[in-house]
Amino acid sequence: MSAPLYVSTTSSSTEITFTNNLTSPPTVLHISKPNGEISVTKNEDDQDKFSLLGQSVPGILGIVKLRIGKYVIVITKSEKVGYIRGHAVYKIADFEFIALRDLANRDKDENVYLSLLKQHIKNGPMYFSYTWDLTNCMQRQKHIEGSTWKMADERFFWNKYAQGELIEHSLNVNSEVDNFILPVIYGYVNLTKMIFQGVPMTVGLISRRSRFRAGTRYFSRGIDQNGNVSNFNETEQIVILDESPLIPCYSFVQTRGSVPVYWAEINNLCYKPKLKVFDTAYDTVQNHFKQQKEIYGKNFCVNLVNQKGHELPVKSAYESAIKMLNDPDVMYIYFDFHHECRGMKWHRVQLLIDKLIDLGADDMGWYESVTDPEKHIEIPRRTQTGVVRTNCMDCLDRTNVVQSMLAGWTLQKFLVQAKVLGSNEKWEDDPNFAFFFRNVWADNADAISKAYSGTGALKTDFTRTGKRTKKGALNDLMNSIERYARNNFFDGPRQDAYDLFLGNHLPFEVVEPPFGDHRPILIQSMPYVAYGAVLMIGAAIYLPRGNDAKLSIQMFIGLWFCVLAYSLYFISSHGLAYVNWPRLVPMDYVSEQEVVNAGTGRITGWVMSEKNKLETRIRGLEEGKKRTE
């Protein structure tokens with residue numbers, strides 16, 4: 001079993017040791033320098049002395065190999081979030097990279113890789129538990145003695161690639177290394193103990209982000225050839241009655257994920273990127289829903305995209321895919337969110353819930369279990385036999401509103417079933433509980449949105465207060481502007497960080513580092529021309545001058561206005577060249593194209609250009625395999 005460890009980096013210049021004192025006798029993990037070879041020993045000495053060997057740390061996040069050397073990523077600080085059935089859950093609060101090779105040999109590209117990894121871990125909300133499998137919902141928990149990582153859901157084991165060397169050693173050499181393998185999830189966890197209607201309970205919300213086809217808003221859309229979709233999240237709402245004799249537990253799971261067809265929005269500096277729908281490949285869509293049905297049962301697919309305008313092609317492609325499937329266990333429900341809820345009438349989402357009830361969603365139920373007080377095992381009383389899969393374009397803002405209302409609808413059923421509420425009572429009538437519920441769901445929305453778009457969610461004023469406000473609309477405007485800037489100019493490195501941490505790019509296999517700017521000099525220089533023009537105009541306006549220089553100053557300003565206008569026109573006309581694209585893994589729908597001097601025939605650089613055909617084989621491969629174009 002994984003547990004808090006003692007790490008020693010100073011006792012030996014040839015290795016790093018981690019000691020797990022909860023095993024008897026204590027288990028010691030040795031990682032050699034500089035090659036990172038792993039071995040495990042048992043120490044029969046007094047285990048109390050291990051606290052003197054070094055720093056106590058929550059665990060090992062993983063071991064990564066970059067261009068030059070290996071690094072052990074150590075979790076140095078964690079914060080307790082709460083408990084699930086007595087099992088503590090923690091959030092990673094701080095970490096440290098321990099280099100196995102002399103840092104003096106590190107080059108600038110190694111530093112870039114390290115910076116990407118550090119930013120990813122710093123910005124990514126990651127959670128873990130030593131004794132509970134956080135990657136699986138309550139219904140999928142396997143109560144087997146042994147290591148939690150062996151029971152983990154592959155989709156949500158976020159550090160699976162980083163733990164690869166430890167896992168390989170466990171499977172092929174010595175299973176005692178299991179005591180040091182710690183699965184983490186990326187997402188959101190809130191576990192709150194409270195008293196509601198005089199009943200002590202734990203109310204929880206857990207969102208798990210899939211590591212397959214993970215990425216940022218405009219650099220990861222649609223589906224891959226393995227049936228994985230972008231921005232797939234499983235969200236579980238939990239209620240546990242802590243002091244009832246059998247400790248009943250209630251769990252309800254929802255999912256969200258990108259529209260499962262081949263499509264993309266291609267950044268080109270326009271506020272709305274260019275939308276392209278490439279294919280509605282039957283086999284791929286079938287594979288996606290086959291996986292979903294095997295895990296969740298019947299799928300109720302709620303589509304919230306607009307029925308006209310920019311989003312129409314995505315809606316049409318999704319409906320064509322569903323029609324091709326012709327599967328009675330994949331129910332399609334269209335709800336034009338913006339049309340139905342126009343004028344801030346978001347309570348009309350109830351119309352969608354009524355549609356779902358008419359189609360039988362009420363029959364899928366939820367998971368319910370009790371605990372045997374003598375055997376201390378969980379006994380299921382009912383299971384959830386289906387799932388509501390919700391999407392909009394980003395699977396963020398509209399999806400958040402709908403999921404929170406579905407959760408509230410199901411919560412009412414939980415509490416009535418548990419006899420916490422009477423059949424005529426509603427949880428919304430308690431202002432404190434309603435405030436808590438809405439804010440937890442709004443925080444969950446922000447966490448999922450920041451992971452994908454880089455900003456908090458839109459429309460959270462409704463989620464938090466139950467009504468739409470003008471202040472909330474203004475906040476949405478500011479977030480939308482920030483999203484535009486981030487998605488065009490800052491998301492490339494964020495996508496690279498995902499691909500690096502998840503093992504989609506292997507630095508030690510790359511001959512030439514991909515971080516150089518290979519665009520032609522004219523392309524690179526044009527933003528500086530624009531900056532210079534703005535500087536000259538500002539200087540002409542604000543610096544002191546004589547009265548007799550008025551005409552010449554006006555001509556000077558006019559000249560630089562022309563330069564500014566031309567530079568901005570040039571930048572907007574070559575928008576693809578100014579987007580901050582990911583550098584580590586080729587995109588599905590754009591590629592670098594040579595720019596050749598017409599006179600000399602020499603290559604002057606490379607710029608991004610659209611592909612006529614989507615190359616789907618690039619994304620969605622297993623971790624640790626090199627992606628090639």
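1. In this predicted model, a salt bridge brings together the side chains of Lys 160 and Glu 154, with an N to O distance of 2.7 Å. Lys 160 is buried, at a relative accessible area of 13%, whereas Glu 154 is partly exposed at 38%.

2. A salt bridge also pairs Arg 398 with Glu 311, whose closest N and O atoms are 3.0 Å apart. This pair links distant parts of the chain, since Arg 398 belongs to helix α7 (residues 397–417) and Glu 311 to the loop between β16 (298–303) and α4 (312–325), 87 residues apart. Arg 398 counts as buried at 7% relative accessibility, and Glu 311 counts as buried at 11%.

3. Within helix α4, Glu 319 and Lys 315 lie four residues apart, about one turn of the helix, and they form a salt bridge with closest N and O atoms 2.9 Å apart. Glu 319 is partly exposed at 27% relative accessibility, while Lys 315 is buried at 12%.

4. Helix α12 (residues 521–542) has 22 residues and spans 32 Å from its first C-alpha to its last, close to the 32 Å expected at 1.5 Å a residue, although the helix bends by about 25° at Pro 527. Pro 527 is one of the buried residues of α12, which also include Ile 523, Met 526 and Ala 530; the elements covering the buried residues include α13 (550–573), α14 (575–578) and β22 (603–610).

5. On the surface, Leu 474, Leu 477, Met 478 and Ile 481 form a nonpolar patch with about 410 Å² of accessible area together. Leu 477 is found in helix α10 (residues 470–489) and counts as partly exposed, at 47% relative accessibility.

Note on methods. Residues are numbered from 1 along each chain as its sequence is written. This is a predicted model: local features need pLDDT of at least 70, side-chain atom pairs count only at pLDDT 80 or more; totals for chains, interfaces and linings use all residues. Side-chain values use heavy atoms; hydrogens and water are left out. Patches are made of residues with over 30% relative accessible area and no salt bridge: like charges are joined within 9 Å, nonpolar side chains (Val, Leu, Ile, Met, Phe, Trp, Tyr) within 5 Å. Accessible areas come from the Shrake-Rupley method with a 1.4 Å probe; for residues, only the protein chains shown count as cover. A salt bridge is a side-chain nitrogen of Lys or Arg within 4 Å of a carboxyl oxygen of Asp or Glu. Helices (H or I, at least four residues) and strands (E, at least two) are DSSP runs, numbered from the N terminus. Buried means under 20% relative accessible area, exposed over 50%, partly exposed in between (1.4 Å probe, protein chains only). The expected span of a helix is 1.5 Å times one less than its number of residues. The bend at a residue is the angle between axes fitted to the seven residues ending there and the seven starting there. Contact means heavy atoms within 4.5 Å.
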